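Subject: Structure handover

Hello,

I am passing on the structure we spoke about. Please open it first; my notes on what was found follow below.

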Amino acid sequence: MAISPTAWLREQSHPVRRLLTAGIAAGAAQAVLMCGGAWLVAHVLAEAIFAGRRLGELWPALAALPLLAAARFALTLLQRQVTFEAGARVSASVRSTLEERMRRLGPRWAAQQSSGDMVTRLVDGVDALIPYYAGYLPQVALAALIPAVILLVVLVADPWSALVLLLTAPLIPLFMVLVGRAAEQASQRRWLRLRRMGARFMDALSGLTTLRLCRATAREQALLEATGEAYRQETMAVLRIAFLSALVLEFFATVSIAVLAVLIGFRLMWGTLAFGPGLFVLLLAPELFMPLRALGTQRHRRMEAAAAAEDLIALLAVPAEEAAVAAGPSPQVFAAAGIGIALEQVSFGYTSDRQVLHDLELSVEAGTRLTVVGASGSGKSTLLHLLMGFAVPQSGRILINGEDLTTLALASWRRHIAWVPQRVHVFQGTLRDNLLIAAPQADARQLERAVQAAALVPVIARLRQGLDTPLGEHGQGLSGGERQRLALARAWLRDAPLLLLDEPTQHLDAATAAVIDGALAKLAEGRTVIRIAHRLDTIAADEQVAVMADGCIVEAGTASVLRASHGAFARLLAADRAA
Amino acid sequence: MNARPPDPRDAPFADSGQVLRRLLGLARGHRGWMAAGAALALLSTLSGIGLLAVSGHFITSMALAGASGAAINYYTPAALIRLLAILRTGGRYAERLITHEATLRVLARLRIWLFGRLVPLAPAGLGGLRSAELFSRLRADVDALEHAYLGVLIPLLVALVVTGIVLATALLYLPVLALWLLLPIGLGGVLLPRWAMKKGAAPGATVVECAETLRTLAADGLRGRAELALYGTESAHAERIAAATIRLQQARRQTNRLEAISGAGVALAAQLAVVGVLVFGLPALHTATLAPPDLTMLVLLAMAAFDAIAPLPEAWAQLGATMASARRVFALADTPPPVIEPQAPSPVVHDDGLSIRRLRLSYGALEPWVLDGVDLDLPQGHRLAVVGPSGAGKSSLVGALLRLYPYQGSITLGGTPLDTWQGDDVRARIAVVDQQPYLFDASLRNNLCIARPDATDEQLKKVIVQAQLDGYVASLPQGLDTWVGENGVRVSGGEARRIAIARALLADAPILVLDEPTEGLDAGTAAQLYQALAAAMAGRSVLLITHRLGGLSTLVDEVATMRHGRIIECVPTAVYLGVFSGAERASAASPAGQVTGI
C-alpha cells in the first residue's frame, strides 16, 4: 500500500522535530513581543492624550519599543534559521537515501531511465522539500498558535472584544475548510493547467525543426494561440473559485476590524472602556489574521513538495532486483591470477514470464577467449551484467574458478574485471579523472603506459589542457572513437585478469578502428576474454564463438567450422551481409 | 575583490529602461487590463491602510467625546469604516482576478511572439538549444517573464504610490514627520533589500553552480552507474554528492539569512516609523499643533503603510532575475535568421529535377566546410543513394536542400535557383525523413498528420502499411489514438523512424529525402521497407542517405559516394555493388574496418 505524499512528508520531519519546535517557539515568542509592543504604543498614546504626559515622562516606554523591535528581529532570524536547518537536514538525508537506493537498483535499472526526468526528480525534487519544512510546516503550527496568543491577550485587555474576535476567528478555519476543499482542488488544477500550457509550448519549440519540415509552423502558431485562449478562459473559471477562500479570509479579517473599531468607539464614548485597552485591541486585531494569510501564501510550497514527494515515494518503492549488493552469507575475499568461468543452467528474467536467459551453459577456461554473437535481444549484454554482478541469476550458478559467485565478496570479485562497454560514459571531470576512476591508485607511469597503449596520445595532444581538460557536458566532447580509446585506457589501467568487451556498433573510421583493434589485441594477451561481437565480419577464422538465441547458447565452436556448417552462425552471417 | 565572471546582478540596471520598455511593448493590447489590475491593487491596499487609520482617528475622537461629554458626528466615520472594509475585501478579490487575467493574456502573447521569432531560426540558429540545459533555461526564463507583472511591476507601483500618499498626509499634519518617515521606508523598502541582493549575488551564484554540479552528478550516477559499480567507486560518488549538497546548503543558508534579514527588516522599519511618529507627535500634541485623533491616525497610518512595503524585498529580487531572463530571451529572439526568405513568390515550375553545383556549406564562419564543392543531379523520377562514412557531410546536404542552412554555390529546383524559393514551397516539394525525428506530445494520429492535417483514414492506413508500421500500430491497445511523445508510451528508435517515414509519405511530395531510414531496423524489416518505398514512390524522386548497403538495389538506381564534403563518384547501383567486394565495401561505406586479432 502506497503512502500518501503528505504522510510521507510528515514522517520525514520526525528526526528534525526539535528544530521545528524551536522555530515554532521562536515564532510564538515573537508574537508575545509583538503584543508587548502594541501595548506600549497604546499606553504611550493613552497617557499622552488623556493624562497629559509629556515626551520627557514617557521616554522609558518609547525607548523600550525599538528594543522590543530588535528582539523581534532577532527572533525572526532565529526562526528562519532553525526551520531552514530542519528543511536542509531532511533534504540532505533524503538525498543520501536516494543515492543509496540508486545503488541498490543497480546499473541495469539506471540504464532504463530517462535521465532528464530522473535528474529533475533527484535534484529539483529533493530541493523542493526544503521550503515545506522551512516554511509551510512551522506556519501551520503558528497559524493556530499566534491567534491563540493574541486572543488570550485580548481577553485580558477587553473581554467583549475577545468575544467579537472569538466569534469571527473560528469561523475562518471552518469556512476555509469548506471553501478550501474546492479551492485546493481548483488551485491544483490551475497549477496543472499552467504547467501543461508551458509544456505544450516547450514541446512545440523542441519539435520546431520537424514543424518547419512539415510546413506546420503557421498552423501550430494558430493552435498555440487558440489553446492559450482556451486555457485562459478555463483557468479564469477555476481562479474565480480558487480566490474565494482568500476572499473569505479577507472578508472576516476586514469586517472584524471594522466591527471592533465601531464597537470600541461607541464603548469609549459611553465611557465603558478605557482608551488604552481599546487602542491596544485595535492594534492587535489585524495581527490575528496575519499568520492565516501567511499560510495561504505558503500553500504552493506544500503542493510543490507533495508533487516532488509523490515522485520520490514512487522511486523508493521500485522493487530492487536481487542485485549487486546481495552478496552471499559469508563473503570471501577473492583473489586469483587467472579466471576460469562456468555458467551452469543459469536462468534470468526481469519478470517471471519474460526470461532473458534460460538454462544457459557456458564455460571459459582461464586465459582463453570467447566471442559471443547473436541477434539483439538474445541476452548477450545480460550475460556480461550477470558476470559483473549487476544482477543475480534466478536459478543456476555462476562459478568463478569453481566457486559460486554469490558466495564471493562482490567488491573484491569486481576488482578482477576490466570492461570495455558499448557506450562509454564520460564522467564530469578532467580526462585524468576519467581515467583514474578505473584505478585511483595508479601512478604517473602506469597512467602514461595506459595512455600510450590505448592510442590516447593524439587525443591528449588535441585537447588544450591535455590530461587536465574538463570533459563531459560542460567540457569538451569526445568523439565515438575517442571514447572507445578512453574505455580501453581504463581497461588497461585496471590490469585485471578478466576482460569483458562489448564491441561498439558505432561506425569508426578505418584508421581508428585499426588502432583500437591493435590496442585491444595487446590488452587481451594472457587474460580471460569474453567479447560480444556485433559485426560478424570482424570475427577471425580461428576464434572460439558461441551463438546466443532466445537466452541460451545454440551453437558453439571455431568460427571457421561454424561458418561452413549452415547453422545459426551461418544464418546470422547471411543476415548481416544483407543489411 | 577577487575576479569573477560578470554577473547580471552586479550591474543590473544598465539598460533596464530599454528592456522594460520592450517588455511593456509586448503587452500592447492588454495594457488596459494591466492598468485596471494595478489600479485595483492600489485601491485595495489603500483601503486597508485607510481602514486602520480612520479607525484610529474614530476611536480617539469617540473617547475624547466621551470624556468631555461633547456631541460628535459618528455617522460619517462609521460609514467610512464600513465603506473601506467593503472596498478592501471586494477590491482584493477583483484585483486578483484582473491581475491574473492580465498575466494570462500577456503570457499567451509572449509565447506566440517568441514562437514566431524562433521559427525561422530552427535548426540553424538554435544550435545551442539542442543542449538540455540551455533548453530548460529558456523554459525558466519564460516562466520568470510571466511573473514580471504580478511579482515586480504591481508591488513596486503600489509601494511607490502608497509611500507618496503617506508622505503627503504626514506633510499635511506634521511636516517634519514626512522627513523622518522617509528613513524607515527607504531603509526597509529599498536599502536593506538592495543590500541583501548585492550580498546574495555570490552565494546565489554558488547555489546555481552547486545545483548544476548535483545535476551532472545525478546524470553521472544514472548513465555511468555500471562504471561506478564495477570500479567500486559508488561510495566516492555518494561522497561527492554529499559534499556538493553541503556546499549547496551552505550557500542556501546564506541566502536564506539575507532574505530573513530583509524580511524582518521591514517589520523593524515599521516599528521605527511608529516610534518616530510618537517622538515627533507627542511634543506637537502638547503644543496643540496636532489634534489627538490625528496623532493616533498617523501612528496607525505609518504602521499600515508597511503592508505595501513588505512585498518589496521579494519584488527587488524578482526584478533582477526578470531583467536577466528578459535579456536572454530578447537576445535569442533577435538572432538574425540564417536563411533569408525572398520577397517575391516562388517560381512556378513543372519539373522537379534537382541540380547541385559547387555546393559549399559550413556551420559557422570559423567552422570547416562540411560540404566542399558538391556536384549532384537528381532528375525528376530518379532515385539516388548517397553513401559515405559518418561525418562526410551527407546530412548537411539535406539541410541545404530544405533551405534550413545557408549555402554557397548553386542548387536549382526545376531549373530555377533554390534561393528564389520560399522555404515552405521548397518543403512542399521535398518531404524528408529526418535523422532525429521528433515525436510531439500528442496522439500517434496527430503525429502522423502534421504535414497533412486533412488526411483521411484510408490515406493514413496506406502510409502505415508502406512504412512497415502496421504491425506496430496493431500492437497498440489504442491504435492510432495512442499517446506518444514525452508523456506517452515509449517508442523505440526504429519505431520513431518508421513513424517519420509514414509522416513523410503522407505529405505526398514529388521528392522524398530519407536520412538513414533503416537505422534501428533489423535486416528483414529494412528490406521490406525499401520494397514498399520503391512501390510508393513510383514515378517520383528519392534521395536516400545511408551507410547501410543491404537492399539498396531495390530502391535506388544510382549510388553517389561522398567523402570529405564531396561526391567522389556516382555510378549505377549494380555497378557500385558489383565493383566492391565484401570487405572493401564495408570499409568504403562504413569503415569499421577489418577487426581481427582477438
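This is a predicted model. I begin with a sheet in chain B, which is open and built from six strands in the order β6-β7-β8-β3-β9-β10, with mixed pairing. Its edge strands are β6 (430-433) and β10 (566-572) of chain B, each of which pairs on one side only. On average, and ignoring direction, neighbouring strands of the sheet are turned by 15 degrees against each other.

Two of the pairings can be followed by residue. β6(B) and β7(B) run parallel and are joined by four bridges; here B:V432 stands opposite B:V513 in β7(B). Strand β3 (residues 383-387) of chain B also pairs in the parallel sense with strand β9 (residues 558-563) of chain B, over four bridges. In that pair, B:L384 is opposite B:E558 in β9(B).

Which residues of β6(B) are buried on each side? B:I430 and B:V432 are buried on one side, and B:A431 and B:V433 are buried on the other, so both faces of β6(B) are covered. In a regular strand, side chains alternate between the two faces of the sheet.

Helix α15 (residues 493-507) of chain B lies across β6 and β7 of chain B and runs at about 175 degrees to β6(B). Helix α10 (residues 394-401) of chain B lies across β3, β6, β7 (511-515), β8 (541-546) and β9 of chain B, at about 145 degrees to β7(B).

Next, the nonpolar cores. The largest has 270 residues, and A:L284 and B:V299 have the most contacts inside it. Helix α7 (residues 234-286) of chain B gives the largest share of this core, 21 residues. A second, separate core has 84 residues, among them A:V356, A:W419, A:L478 and A:F569. In soluble globular proteins, nonpolar side chains tend to be buried together.

What does B:V299 touch, leaving out residues up to four places away in sequence? From chain A, B:V299 touches A:V41 and A:L45; from chain B, it touches B:G56, B:V274, B:V277 and B:L278.

Last, the domains. Chain A is divided into domain 1 (1-151 + 298-320) and domain 2 (341-416 + 496-578), and 55 Å separate their centres, taken over C-alpha atoms. Chain B is divided into domain 1 (16-333) and domain 2 (354-589); the centres of these two domains of chain B, again over C-alpha atoms, are separated by 53 Å.

Regards

Notes
Residues numbered from 1 in each chain as written. Chains lettered and ligands numbered in written order. Predicted model: local features only at pLDDT ≥ 70, side-chain atom pairs only at ≥ 80, totals over all residues. Domains from an automatic or database assignment. Core = buried A, V, L, I, M, F, W, Y, C linked by C-beta atoms within 7 Å. Buried ≥ 20, exposed ≤ 12 C-beta atoms within 10 Å, placed from the backbone. Helix = DSSP H or I, 4+ residues; strand = E, 2+ residues; numbered from the N terminus. Contact = placed C-beta atoms within 7 Å. Pairing = 2+ DSSP bridges. Axes fitted to C-alpha atoms, helices over the stretch in contact; angles between N-to-C directions.
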